[in-house]
Amino acid sequence: MDLLQPSYISPTRFNDGGIEPLRLLQMEFPDYTSPPLPSAIDATPEAFRSDAAVDAARANDADGLCFTLDDPTACQITFSPPPDTAVDSKVGVIFFGGFLVDPRSYSPMMRMLSDTYGLSVSVPIFAKDLAFKVGTCESGRLSLAQRAFPDIEKWVFAGHSLGGIAAANEVWAMAGRNETDAIGGLALLASYVRQDLGCGLVDFSTEEWDWLHAASVSASHDKIVNGANFEAGKKWLPSGNNTITVNIEGGNHRQFGCYDDSERESINYKVDGVPTVSAEDQQEQAASAIAEVASYARSPTNGVSSSGSMASRFGQYMLDYFFLGRAGLWNPLLRSTNIKKMQQSALG
């Protein structure tokens, strides 16, 4: 079973150009969540390092209290750029975690986004660690992120696995209400756009979306995501140069986070591939892709459109290189990866 295709989702049919679910079944989820590794706990802000704190946030969500509590951080883990590395950025990242994965598992990569790239980050905490709930196409968690970071104007919606589906549906739901001012981009890690979740035909490839930039990040040793579905889902992403495609050689599904997946085989009946790169290296490459999407939202023109030339795209990379370098944020560990990406972009 594909983690992105839980057994409660039924087959679908096309209807007048759209896709609708035939029926949605309910199922009991296991009373289990993949726990974070010690390295993830170390990278988590002090307020959420204990299991009790995370359990309290999960309970708040289950009881419907997240939007009524005075403390906007009661249901989310936040990462603020350190004062000595912060840049004048009005862009943040809201990151949705994977299916039954403790949200603290993504803290190392969120630290990279805040400390290296100067981005404010929110990681919502959900009951049962389910970022996407059938029948609900939007969590509304952007409002909590905005309360925690009132100076942030645009947000990159990002997510891993099932969390990527949640991120895409959040963006789509906001657009349906013509509320796109806060959307700064979309980043899917080991994830893809799904059309059978009852959220309408989610299609970012049309001309109306030529302002949206996205990243589709995969890993060569990922044995959890259905490869055919992943490739098919790319056609719904922004067209042309507006979507960054990154395949992390040697990476697997789990290493987009830092969690213990030893008991997950009984949940999804799949065993992940064996990685040949470190989790740190994989997460650095993923963070780089998210930050690149954020760089378009940060630019005065909101990036180049889908009709932008390779030359202008290469120029954007160079501007980011010098911008980050001058701010002291260019990470030497990422330099070879970023330069390689610049060369690949320039060469087409």
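This is a predicted model: local features need pLDDT of at least 70, side-chain atom pairs count only at pLDDT 80 or more; totals for chains, interfaces and linings use all residues.
Biologist: What volume does the second largest cavity have, and how is its lining split by class?
Modeller: Its lining residues, with an atom within 4 Å of a point, include Gly-97, Val-101, Phe-126 and Asp-129. Ala, Val, Leu, Ile, Met, Phe, Trp, Tyr, Cys and Pro count as nonpolar, Asp, Glu, Lys and Arg as charged, and the others, Gly among them, as polar. The volume is about 70 Å³. The lining has seven nonpolar, two polar and one charged residues.

Biologist: How much of the protein chain counts as buried?
Modeller: Residues are numbered from 1 along each chain as its sequence is written, and side-chain values use heavy atoms, without hydrogens or water. Buried means under 20% relative accessible area, with a 1.4 Å probe and protein chains only. The accessible surface comes to about 14,600 Å² by the Shrake-Rupley method with a 1.4 Å probe. Of the 348 residues, the buried share is 56%.

Biologist: Which elements do the buried residues of H3 pack against?
Modeller: Helices are DSSP runs (H or I) of at least four residues and strands (E) of at least two, numbered from the N terminus. Eight of the 10 residues of H3 are buried, so the rest of the structure largely encloses it. Met-109, Met-112 and Leu-113 are among the buried ones. Their packing partners, by contact (heavy atoms within 4.5 Å), are helix H1 (38–43), strand S3 (76–79), S4, strand S5 (120–124), S7 and helix H8 (279–298).

Biologist: What phi does Leu-100 have?
Modeller: Most residues other than glycine have a negative phi. Leu-100 sits in the loop between strand S4 (91–96) and helix H3 (107–116). It is buried, because its relative accessible area is 0%. Its phi is positive, although it is not a glycine, at about 55°.

Biologist: What phi does Ala-190 have, in the loop between S7 and S8?
Modeller: Ala-190 counts as buried, because its relative accessibility is 1%. It is not a glycine, yet its phi is positive, at about 50°.

Biologist: Which residue's backbone oxygen lies 2.6 Å from a polar atom of the side chain of Gln-195?
Modeller: Gln-195 is in the loop between strand S7 (183–189) and strand S8 (214–219). At 9% relative accessibility, Gln-195 is buried. The backbone oxygen 2.6 Å from a polar atom of its side chain belongs to Val-202.

Biologist: What distance separates the C-alpha atoms of Asn-241 and Asp-210?
Modeller: Asn-241 lies in the loop between helix H6 (227–233) and strand S9 (243–248). Asn-241 is buried, because its relative accessible area is 16%. Along the chain, Asn-241 and Asp-210 are 31 residues apart, and their C-alpha separation is 9.8 Å.

Key:
Buried means under 20% relative accessible area, exposed over 50%, partly exposed in between (1.4 Å probe, protein chains only). A polar contact is a pair of N or O atoms within 3.5 Å; within protein, one must be able to donate a hydrogen and the other to accept it, and residues adjacent in sequence count only if both atoms are side-chain atoms. On a 1 Å grid over the protein atoms alone, a cavity is a set of points where a 1.4 Å probe fits but cannot get out, and a pocket is an open set with protein on both sides within 12 Å along at least five of seven lines; lining residues have an atom within 4 Å of a point. Grid points are joined across faces, edges and corners, and a volume is the space filled by probe spheres set on the points.
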